[in-house]
Amino acid sequence: MAAETISWISVETVRACYTCFKCIGVCPAGLKPNLFVKAYIGSMFREFREVYEEVIKDSSIWMCARCLKCVEVCPQKVSLNDVIEYLQHEATKRGLVPQVYLTMVENTMNSYLAFASQTIVSRDGDIYMTEDVRSLLGLDPLPEPQNIEKFRERLRLLKEAG
Amino acid sequence: MVRLTLFTGCFTLVKQVAVEASILSVLKYFNIELVVPRSVNCCGFAFRSVYPSLSLYLTGRLLASLYDAESSGILALCNGCYLMLREAIHRLRENPRQLEFVRSYLREEGLDLRSIPRIVHPIELFHDMIGIEVLRGISRGGQDRNTVIATHYGCHALRPSTIPSFDNPLNPSKMERIIEALGFRTRDYPERLDCCGAVLLASNPSLAMKMAYSKISGTARWGFQLLVTTCPYCFEMLDSRQEAVMQMFGDEPKLPVMLLTQLIGLQIGLSEGSVALNLNLSPVDRVLPYILRR
(Lines give C-alpha, C1' and ligand atoms only; values in the text may rest on other atoms or scores of the structure.)
Protein backbone atom coordinates (compact mmCIF):
# COMPACT_ATOMS: atom_id res chain seq x y z
CA MET A 1 0.00 0.00 0.00
CA ALA A 2 2.84 2.34 0.87
CA ALA A 3 4.44 1.97 -2.53
CA GLU A 4 1.13 2.95 -4.13
CA THR A 5 0.43 6.02 -2.04
CA ILE A 6 3.78 7.69 -1.47
CA SER A 7 5.92 8.38 -4.52
CA TRP A 8 9.62 8.56 -3.78
CA ILE A 9 12.21 10.29 -5.92
CA SER A 10 12.77 8.41 -9.21
CA VAL A 11 15.93 6.54 -10.09
CA GLU A 12 16.30 8.61 -13.30
CA THR A 13 16.42 11.79 -11.23
CA VAL A 14 18.92 10.37 -8.78
CA ARG A 15 21.19 9.03 -11.53
CA ALA A 16 21.56 12.59 -12.85
CA CYS A 17 24.04 13.24 -10.00
CA TYR A 18 27.51 13.76 -11.53
CA THR A 19 29.33 13.94 -8.18
CA CYS A 20 30.31 17.61 -8.30
CA PHE A 21 30.38 17.56 -4.44
CA LYS A 22 28.64 20.92 -4.08
CA CYS A 23 26.28 19.25 -1.59
CA ILE A 24 29.22 18.18 0.58
CA GLY A 25 30.46 21.77 0.58
CA VAL A 26 27.24 23.19 2.02
CA CYS A 27 26.25 20.40 4.45
CA PRO A 28 26.36 21.88 7.99
CA ALA A 29 26.26 18.39 9.51
CA GLY A 30 29.39 17.35 7.59
CA LEU A 31 27.61 14.53 5.77
CA LYS A 32 28.57 13.04 2.42
CA PRO A 33 25.29 13.20 0.49
CA ASN A 34 26.92 11.69 -2.62
CA LEU A 35 27.22 8.45 -0.66
CA PHE A 36 23.45 8.52 -0.15
CA VAL A 37 23.01 8.72 -3.94
CA LYS A 38 25.02 5.51 -4.31
CA ALA A 39 23.01 3.89 -1.51
CA TYR A 40 19.75 4.84 -3.23
CA ILE A 41 20.90 3.18 -6.46
CA GLY A 42 22.14 0.18 -4.45
CA SER A 43 18.68 -0.28 -2.96
CA MET A 44 17.36 -1.13 -6.43
CA PHE A 45 20.32 -2.53 -8.35
CA ARG A 46 23.27 -4.81 -7.68
CA GLU A 47 25.56 -1.86 -8.38
CA PHE A 48 26.38 -0.23 -5.02
CA ARG A 49 24.34 -2.86 -3.14
CA GLU A 50 27.00 -3.06 -0.42
CA VAL A 51 26.94 0.75 -0.04
CA TYR A 52 23.18 0.57 0.51
CA GLU A 53 23.49 -2.20 3.08
CA GLU A 54 26.08 -0.22 5.00
CA VAL A 55 24.40 3.17 4.78
CA ILE A 56 20.98 2.17 6.07
CA LYS A 57 22.58 0.63 9.15
CA ASP A 58 24.72 3.72 9.63
CA SER A 59 23.47 6.48 11.92
CA SER A 60 24.60 9.16 9.45
CA ILE A 61 21.26 9.03 7.59
CA TRP A 62 19.65 10.30 10.79
CA MET A 63 22.19 13.14 11.11
CA CYS A 64 20.63 15.26 8.37
CA ALA A 65 19.43 18.59 9.81
CA ARG A 66 17.01 18.97 6.88
CA CYS A 67 18.30 22.48 6.18
CA LEU A 68 17.74 21.80 2.46
CA LYS A 69 20.85 23.72 1.38
CA CYS A 70 22.05 20.71 -0.64
CA VAL A 71 18.76 20.75 -2.56
CA GLU A 72 19.31 24.38 -3.50
CA VAL A 73 22.91 24.05 -4.72
CA CYS A 74 22.51 20.87 -6.79
CA PRO A 75 23.14 21.76 -10.45
CA GLN A 76 21.24 18.63 -11.49
CA LYS A 77 18.23 19.32 -9.26
CA VAL A 78 18.56 16.05 -7.35
CA SER A 79 16.65 16.53 -4.10
CA LEU A 80 19.07 14.92 -1.65
CA ASN A 81 16.50 15.49 1.05
CA ASP A 82 14.19 13.10 -0.83
CA VAL A 83 17.05 10.60 -1.18
CA ILE A 84 17.80 10.75 2.56
CA GLU A 85 14.14 10.45 3.52
CA TYR A 86 13.83 7.39 1.27
CA LEU A 87 16.84 5.78 3.02
CA GLN A 88 15.41 6.67 6.44
CA HIS A 89 12.19 4.95 5.40
CA GLU A 90 14.10 1.87 4.21
CA ALA A 91 15.91 1.76 7.56
CA THR A 92 12.58 2.08 9.41
CA LYS A 93 11.21 -0.96 7.54
CA ARG A 94 14.10 -2.95 9.03
CA GLY A 95 13.43 -1.58 12.49
CA LEU A 96 16.50 0.66 12.40
CA VAL A 97 14.80 3.85 13.52
CA PRO A 98 15.67 6.07 16.51
CA GLN A 99 13.15 5.48 19.31
CA VAL A 100 12.48 9.21 19.68
CA TYR A 101 10.46 9.32 16.43
CA LEU A 102 8.33 6.37 17.52
CA THR A 103 7.68 8.14 20.82
CA MET A 104 6.45 11.23 18.96
CA VAL A 105 4.08 9.05 16.93
CA GLU A 106 2.85 7.44 20.19
CA ASN A 107 2.29 10.88 21.71
CA THR A 108 0.30 11.93 18.65
CA MET A 109 -1.84 8.79 18.95
CA ASN A 110 -2.55 9.60 22.59
CA SER A 111 -3.05 13.35 22.50
CA TYR A 112 -3.11 14.57 18.85
CA LEU A 113 0.19 16.33 19.68
CA ALA A 114 3.77 15.09 19.21
CA PHE A 115 4.86 16.40 22.62
CA ALA A 116 3.56 15.99 26.14
CA SER A 117 3.43 18.98 28.48
CA GLN A 118 6.84 19.94 29.89
CA THR A 119 8.72 22.29 32.21
CA ILE A 120 9.26 25.87 31.11
CA VAL A 121 11.78 28.12 32.86
CA SER A 122 11.63 31.91 33.04
CA ARG A 123 14.61 34.29 32.98
CA ASP A 124 14.08 34.88 36.70
CA GLY A 125 14.46 31.15 37.32
CA ASP A 126 10.77 30.35 37.93
CA ILE A 127 9.85 26.84 36.83
CA TYR A 128 6.40 26.13 35.42
CA MET A 129 4.58 23.27 33.79
CA THR A 130 3.12 24.02 30.35
CA GLU A 131 -0.46 24.17 31.70
CA ASP A 132 0.48 26.71 34.40
CA VAL A 133 2.36 29.07 32.14
CA ARG A 134 -0.43 28.93 29.53
CA SER A 135 -2.95 29.81 32.20
CA LEU A 136 -0.77 32.66 33.57
CA LEU A 137 -0.49 34.13 30.08
CA GLY A 138 -4.24 33.83 29.54
CA LEU A 139 -3.85 31.25 26.75
CA ASP A 140 -6.38 28.49 26.10
CA PRO A 141 -5.70 25.19 27.87
CA LEU A 142 -4.09 22.44 25.80
CA PRO A 143 -6.63 20.74 23.51
CA GLU A 144 -8.54 17.83 25.10
CA PRO A 145 -7.97 14.48 23.41
CA GLN A 146 -11.64 14.06 22.51
CA ASN A 147 -12.84 11.17 20.31
CA ILE A 148 -9.27 9.97 20.08
CA GLU A 149 -10.06 6.24 19.78
CA LYS A 150 -11.02 6.37 16.11
CA PHE A 151 -8.16 8.74 15.31
CA ARG A 152 -5.76 6.33 17.00
CA GLU A 153 -7.17 3.43 14.99
CA ARG A 154 -6.65 5.33 11.72
CA LEU A 155 -3.05 6.11 12.68
CA ARG A 156 -2.50 2.44 13.49
CA LEU A 157 -3.67 1.48 9.99
CA LEU A 158 -1.58 4.23 8.43
CA LYS A 159 1.53 3.05 10.29
CA GLU A 160 1.08 -0.31 8.63
CA ALA A 161 0.67 1.45 5.29
CA GLY A 162 4.19 2.78 5.73
CA MET B 1 -10.87 43.30 8.85
CA VAL B 2 -8.63 40.38 7.86
CA ARG B 3 -9.58 37.05 9.41
CA LEU B 4 -7.01 34.25 9.76
CA THR B 5 -7.10 30.78 11.27
CA LEU B 6 -4.27 30.30 13.75
CA PHE B 7 -2.21 27.13 13.65
CA THR B 8 0.41 27.18 16.40
CA GLY B 9 1.83 23.66 15.97
CA CYS B 10 2.64 21.29 18.88
CA PHE B 11 5.92 22.86 19.96
CA THR B 12 4.48 26.33 20.44
CA LEU B 13 1.51 24.89 22.36
CA VAL B 14 3.59 22.90 24.84
CA LYS B 15 6.96 24.69 24.99
CA GLN B 16 7.43 28.02 23.18
CA VAL B 17 4.24 29.63 24.46
CA ALA B 18 5.73 33.13 23.98
CA VAL B 19 5.29 32.62 20.23
CA GLU B 20 1.53 32.25 20.72
CA ALA B 21 1.14 34.86 23.49
CA SER B 22 3.04 37.57 21.59
CA ILE B 23 1.26 37.11 18.26
CA LEU B 24 -2.16 37.13 19.95
CA SER B 25 -1.32 40.41 21.73
CA VAL B 26 0.19 42.07 18.67
CA LEU B 27 -2.52 41.12 16.18
CA LYS B 28 -5.23 42.67 18.38
CA TYR B 29 -3.50 46.01 17.82
CA PHE B 30 -3.47 45.53 14.03
CA ASN B 31 -7.14 44.59 13.90
CA ILE B 32 -6.52 41.10 12.58
CA GLU B 33 -9.16 38.62 13.67
CA LEU B 34 -7.61 35.31 14.66
CA VAL B 35 -9.73 32.20 14.83
CA VAL B 36 -8.18 29.79 17.33
CA PRO B 37 -9.35 26.24 16.54
CA ARG B 38 -9.78 23.79 19.43
CA SER B 39 -9.38 20.69 17.33
CA VAL B 40 -5.81 20.40 16.05
CA ASN B 41 -3.19 17.70 15.51
CA CYS B 42 0.54 17.35 14.91
CA CYS B 43 1.53 18.15 11.29
CA GLY B 44 3.73 15.02 11.13
CA PHE B 45 6.95 16.88 10.30
CA ALA B 46 9.29 15.08 12.71
CA PHE B 47 8.45 11.55 11.54
CA ARG B 48 7.63 12.27 7.88
CA SER B 49 10.23 9.82 6.54
CA VAL B 50 9.44 7.17 9.17
CA TYR B 51 5.71 6.94 8.40
CA PRO B 52 5.13 9.03 5.24
CA SER B 53 1.50 7.98 4.68
CA LEU B 54 0.58 8.72 8.30
CA SER B 55 2.37 12.03 8.10
CA LEU B 56 0.60 13.05 4.89
CA TYR B 57 -2.75 12.13 6.44
CA LEU B 58 -2.00 14.31 9.50
CA THR B 59 -1.18 17.32 7.32
CA GLY B 60 -4.20 16.64 5.09
CA ARG B 61 -6.36 16.46 8.21
CA LEU B 62 -5.16 19.93 9.20
CA LEU B 63 -5.90 21.34 5.75
CA ALA B 64 -9.42 19.93 5.99
CA SER B 65 -10.22 20.73 9.63
CA LEU B 66 -8.71 24.24 9.65
CA TYR B 67 -10.43 25.28 6.44
CA ASP B 68 -12.80 28.17 6.99
CA ALA B 69 -14.50 29.83 4.04
CA GLU B 70 -14.62 33.16 5.92
CA SER B 71 -10.90 33.10 6.65
CA SER B 72 -8.14 34.50 4.39
CA GLY B 73 -5.88 31.58 5.25
CA ILE B 74 -4.08 29.52 7.87
CA LEU B 75 -1.42 31.44 9.81
CA ALA B 76 1.25 28.80 10.55
CA LEU B 77 3.56 29.98 13.36
CA CYS B 78 6.13 27.18 13.08
CA ASN B 79 8.40 26.90 10.02
CA GLY B 80 8.15 23.08 10.07
CA CYS B 81 4.33 23.19 10.00
CA TYR B 82 4.46 25.96 7.37
CA LEU B 83 6.55 23.75 5.07
CA MET B 84 4.45 20.63 5.75
CA LEU B 85 1.19 22.40 4.90
CA ARG B 86 2.53 23.95 1.69
CA GLU B 87 4.23 20.73 0.64
CA ALA B 88 1.09 18.68 1.25
CA ILE B 89 -0.92 21.08 -0.93
CA HIS B 90 1.72 20.75 -3.64
CA ARG B 91 1.76 16.93 -3.45
CA LEU B 92 -2.00 16.50 -3.28
CA ARG B 93 -2.45 18.79 -6.29
CA GLU B 94 0.19 16.92 -8.32
CA ASN B 95 -0.83 13.43 -7.33
CA PRO B 96 -4.52 12.45 -7.55
CA ARG B 97 -3.80 9.01 -6.07
CA GLN B 98 -2.34 10.50 -2.91
CA LEU B 99 -5.23 12.94 -2.72
CA GLU B 100 -7.78 10.11 -2.97
CA PHE B 101 -5.85 8.13 -0.35
CA VAL B 102 -5.95 11.00 2.15
CA ARG B 103 -9.60 11.78 1.38
CA SER B 104 -10.61 8.16 2.01
CA TYR B 105 -9.29 8.46 5.58
CA LEU B 106 -10.74 11.93 6.10
CA ARG B 107 -14.20 10.89 4.96
CA GLU B 108 -14.37 8.38 7.81
CA GLU B 109 -14.39 11.32 10.21
CA GLY B 110 -16.67 13.54 8.16
CA LEU B 111 -13.88 15.73 6.78
CA ASP B 112 -12.96 16.51 3.18
CA LEU B 113 -10.50 18.52 1.13
CA ARG B 114 -12.77 20.52 -1.14
CA SER B 115 -11.03 23.87 -1.05
CA ILE B 116 -7.38 24.49 -0.43
CA PRO B 117 -6.60 27.26 2.06
CA ARG B 118 -3.82 29.81 1.66
CA ILE B 119 -0.92 29.15 4.06
CA VAL B 120 0.40 32.37 5.58
CA HIS B 121 3.77 32.87 7.29
CA PRO B 122 4.05 35.50 10.08
CA ILE B 123 6.68 37.46 8.08
CA GLU B 124 4.32 37.48 5.10
CA LEU B 125 1.49 38.64 7.35
CA PHE B 126 3.45 41.66 8.60
CA HIS B 127 5.09 42.51 5.28
CA ASP B 128 2.30 41.85 2.79
CA MET B 129 -1.01 41.88 4.69
CA ILE B 130 -0.44 44.47 7.42
CA GLY B 131 2.13 46.25 5.28
CA ILE B 132 5.35 48.18 5.61
CA GLU B 133 3.59 51.57 5.63
CA VAL B 134 1.51 50.62 8.68
CA LEU B 135 4.63 49.32 10.46
CA ARG B 136 6.46 52.56 9.65
CA GLY B 137 3.56 54.41 11.20
CA ILE B 138 3.89 52.68 14.58
CA SER B 139 7.57 53.53 14.84
CA ARG B 140 7.17 56.87 16.59
CA GLY B 141 10.74 57.13 17.77
CA GLY B 142 12.41 56.92 21.14
CA GLN B 143 14.34 53.81 20.24
CA ASP B 144 18.02 53.99 19.31
CA ARG B 145 18.11 54.05 15.53
CA ASN B 146 21.69 52.84 15.48
CA THR B 147 20.65 49.47 16.88
CA VAL B 148 21.63 46.79 14.36
CA ILE B 149 19.40 43.71 14.30
CA ALA B 150 20.20 40.35 12.66
CA THR B 151 17.36 38.50 10.95
CA HIS B 152 16.96 34.72 11.08
CA TYR B 153 14.26 33.29 8.80
CA GLY B 154 14.87 29.59 9.45
CA CYS B 155 15.34 26.99 6.71
CA HIS B 156 11.75 25.88 6.17
CA ALA B 157 10.36 29.36 5.79
CA LEU B 158 12.30 29.59 2.54
CA ARG B 159 13.54 26.24 1.28
CA PRO B 160 13.08 24.19 -0.86
CA SER B 161 12.62 26.69 -3.69
CA THR B 162 10.57 24.10 -5.60
CA ILE B 163 7.64 24.95 -3.30
CA PRO B 164 6.77 28.65 -3.55
CA SER B 165 7.31 30.64 -0.37
CA PHE B 166 6.72 34.29 0.56
CA ASP B 167 10.26 35.44 -0.25
CA ASN B 168 13.33 34.74 -2.36
CA PRO B 169 14.67 31.42 -0.95
CA LEU B 170 18.30 32.35 -1.57
CA ASN B 171 18.19 36.04 -0.77
CA PRO B 172 15.13 36.95 1.30
CA SER B 173 14.50 40.57 2.28
CA LYS B 174 11.03 40.91 3.82
CA MET B 175 12.13 40.59 7.43
CA GLU B 176 14.85 43.19 6.76
CA ARG B 177 12.21 45.62 5.44
CA ILE B 178 10.11 45.03 8.56
CA ILE B 179 13.11 45.76 10.84
CA GLU B 180 13.87 48.96 8.92
CA ALA B 181 10.22 50.05 9.01
CA LEU B 182 10.32 49.70 12.79
CA GLY B 183 13.20 52.21 12.83
CA PHE B 184 16.17 49.87 13.30
CA ARG B 185 19.11 48.94 11.13
CA THR B 186 19.97 45.52 9.75
CA ARG B 187 22.58 44.09 7.40
CA ASP B 188 23.53 40.87 5.68
CA TYR B 189 25.91 38.47 7.44
CA PRO B 190 27.51 35.18 6.37
CA GLU B 191 25.44 33.03 8.75
CA ARG B 192 22.09 34.65 7.84
CA LEU B 193 20.63 31.59 6.08
CA ASP B 194 22.34 29.03 8.32
CA CYS B 195 20.41 26.29 10.05
CA CYS B 196 19.69 26.41 13.82
CA GLY B 197 20.09 22.62 14.11
CA ALA B 198 16.71 21.97 15.77
CA VAL B 199 15.73 19.02 13.57
CA LEU B 200 18.70 17.13 15.02
CA LEU B 201 17.56 17.60 18.64
CA ALA B 202 15.70 14.31 18.32
CA SER B 203 18.34 12.09 16.76
CA ASN B 204 21.68 13.74 17.55
CA PRO B 205 21.45 16.49 20.22
CA SER B 206 25.19 17.18 20.41
CA LEU B 207 25.37 17.86 16.66
CA ALA B 208 22.27 20.06 17.02
CA MET B 209 24.05 22.07 19.73
CA LYS B 210 27.17 22.35 17.58
CA MET B 211 25.16 23.84 14.72
CA ALA B 212 23.42 26.25 17.08
CA TYR B 213 26.81 27.30 18.46
CA SER B 214 28.11 27.99 14.97
CA LYS B 215 25.03 30.12 14.25
CA ILE B 216 25.03 32.05 17.57
CA SER B 217 28.76 32.68 17.87
CA GLY B 218 29.06 33.43 14.15
CA THR B 219 26.23 35.99 14.30
CA ALA B 220 27.48 37.59 17.52
CA ARG B 221 30.95 38.36 16.13
CA TRP B 222 29.49 40.78 13.54
CA GLY B 223 28.38 43.10 16.32
CA PHE B 224 24.58 42.73 16.16
CA GLN B 225 22.76 43.85 19.30
CA LEU B 226 19.81 41.52 18.72
CA LEU B 227 18.76 38.55 16.59
CA VAL B 228 15.11 38.23 15.60
CA THR B 229 13.22 35.14 14.42
CA THR B 230 9.63 33.89 14.21
CA CYS B 231 10.03 30.10 14.37
CA PRO B 232 9.52 28.33 17.74
CA TYR B 233 12.18 25.71 16.97
CA CYS B 234 14.81 28.28 15.92
CA PHE B 235 13.89 30.23 19.06
CA GLU B 236 14.41 27.09 21.17
CA MET B 237 17.94 26.63 19.80
CA LEU B 238 19.03 30.27 19.62
CA ASP B 239 17.35 31.62 22.76
CA SER B 240 16.18 28.93 25.21
CA ARG B 241 19.25 26.74 24.80
CA GLN B 242 21.78 29.50 24.23
CA GLU B 243 23.36 29.19 27.66
CA ALA B 244 23.74 25.40 27.39
CA VAL B 245 25.02 25.69 23.81
CA MET B 246 27.65 28.29 24.72
CA GLN B 247 28.75 26.41 27.84
CA MET B 248 29.27 23.27 25.80
CA PHE B 249 31.96 25.13 23.84
CA GLY B 250 33.48 27.00 26.80
CA ASP B 251 31.77 30.23 25.77
CA GLU B 252 29.08 32.38 27.37
CA PRO B 253 25.66 33.71 26.28
CA LYS B 254 26.24 36.82 24.20
CA LEU B 255 23.48 37.30 21.66
CA PRO B 256 20.09 38.69 22.76
CA VAL B 257 17.33 36.87 20.83
CA MET B 258 13.69 37.91 20.47
CA LEU B 259 10.69 36.86 18.49
CA LEU B 260 9.71 39.31 15.76
CA THR B 261 6.31 39.61 17.42
CA GLN B 262 7.96 40.54 20.73
CA LEU B 263 9.97 43.30 19.02
CA ILE B 264 6.87 44.64 17.24
CA GLY B 265 4.86 44.36 20.48
CA LEU B 266 7.38 46.48 22.38
CA GLN B 267 7.31 49.07 19.56
CA ILE B 268 3.53 49.47 19.76
CA GLY B 269 3.87 50.02 23.49
CA LEU B 270 2.83 46.60 24.83
CA SER B 271 4.27 45.59 28.18
CA GLU B 272 7.09 43.05 28.42
CA GLY B 273 4.62 40.76 30.19
CA SER B 274 2.05 40.77 27.40
CA VAL B 275 4.67 39.55 24.91
CA ALA B 276 5.98 37.00 27.49
CA LEU B 277 9.47 38.48 27.43
CA ASN B 278 10.17 36.88 30.83
CA LEU B 279 10.43 33.55 28.96
CA ASN B 280 13.41 34.67 26.83
CA LEU B 281 16.53 33.11 28.34
CA SER B 282 19.13 34.88 26.18
CA PRO B 283 20.56 38.17 27.58
CA VAL B 284 17.71 40.40 26.26
CA ASP B 285 18.11 42.86 29.18
CA ARG B 286 21.20 44.22 27.41
CA VAL B 287 19.24 45.37 24.40
CA LEU B 288 16.07 46.66 26.07
CA PRO B 289 17.43 50.18 26.68
CA TYR B 290 18.00 50.52 22.92
CA ILE B 291 14.68 49.24 21.66
CA LEU B 292 12.10 50.38 24.19
CA ARG B 293 10.21 53.53 23.32
CA ARG B 294 10.69 56.22 25.89
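How far apart do the C-alpha centres of domain 1 of chain B and domain 2 of chain B lie? They lie 24 Å apart. Before going further, some ground rules: this is a predicted model, where local features need pLDDT of at least 70 and side-chain atom pairs count only at pLDDT 80 or more, while totals for chains, interfaces and linings use all residues. Residues are numbered from 1 along each chain as its sequence is written, and chains are lettered from A and ligands numbered from 1 in the order in which they are written.

Back to chain B, then. Domain 1 runs over 2-120 and domain 2 over 132-291, with bounds that come from an automatic or database domain assignment. The contact between them takes 24 residues from domain 1 of chain B and 21 residues from domain 2 of chain B; two residues are in contact if their C-beta atoms, placed from the backbone, lie within 7 Å. On the domain 1 side, helix H1 (10-14), helix H2 (17-29) and helix H4 (79-94) of chain B each supply at least two residues. H2(B) gives the most to that side, with nine residues. (Helices are DSSP runs of H or I with at least four residues, strands are runs of E with at least two, and both are numbered from the N terminus.) By class, this side of domain 1 of chain B divides into 13 nonpolar, eight polar and three charged residues. Here Ala, Val, Leu, Ile, Met, Phe, Trp, Tyr, Cys and Pro count as nonpolar, Asp, Glu, Lys and Arg as charged, and the others, Gly among them, as polar.

Helix H3 (residues 52-65) and helix H5 (residues 96-107) of chain B pack at an angle of about 70 degrees, with their axes 10 Å apart. Axes are lines fitted to C-alpha atoms, for helices over the stretch in contact, and angles run from 0 to 180 degrees between N-to-C directions. H3(B) and H5(B) are therefore roughly perpendicular to each other; angles under 35 degrees count as roughly parallel, over 145 as roughly antiparallel, 65 to 115 as roughly perpendicular and the rest as oblique. Leu56(B), Tyr57(B), Gly60(B), Arg61(B) and Ala64(B) of H3(B) meet Gln98(B), Val102(B), Tyr105(B) and Leu106(B) of H5(B). That contact has six nonpolar, two polar and one charged residue.

Now over to chain A, which is divided into domain 1 (9-93) and domain 2 (99-161). Their centres, taken over C-alpha atoms, are separated by 32 Å. Helix H4 (residues 33-42) and helix H7 (residues 80-93) of chain A have axes that come within 10 Å and cross at roughly 55 degrees, so H4(A) and H7(A) are oblique to each other. On the H4(A) side, the contact is made by Pro33(A), Phe36(A), Val37(A), Ala39(A) and Tyr40(A), and on the H7(A) side by Leu80(A), Val83(A), Ile84(A), Tyr86(A) and Leu87(A). What classes do these residues fall into? The contact has 10 nonpolar, no polar and no charged residues.

Finally, the two chains meet. Their contact takes 53 residues from chain A and 52 residues from chain B. Among the elements of chain A that give two or more residues are helix H6 (69-73), helix H8 (99-111) and strand S1 (119-121). H10(A) has the largest share of this side, six residues. By class, the side of chain A that touches chain B has 30 nonpolar, 12 polar and 11 charged residues.
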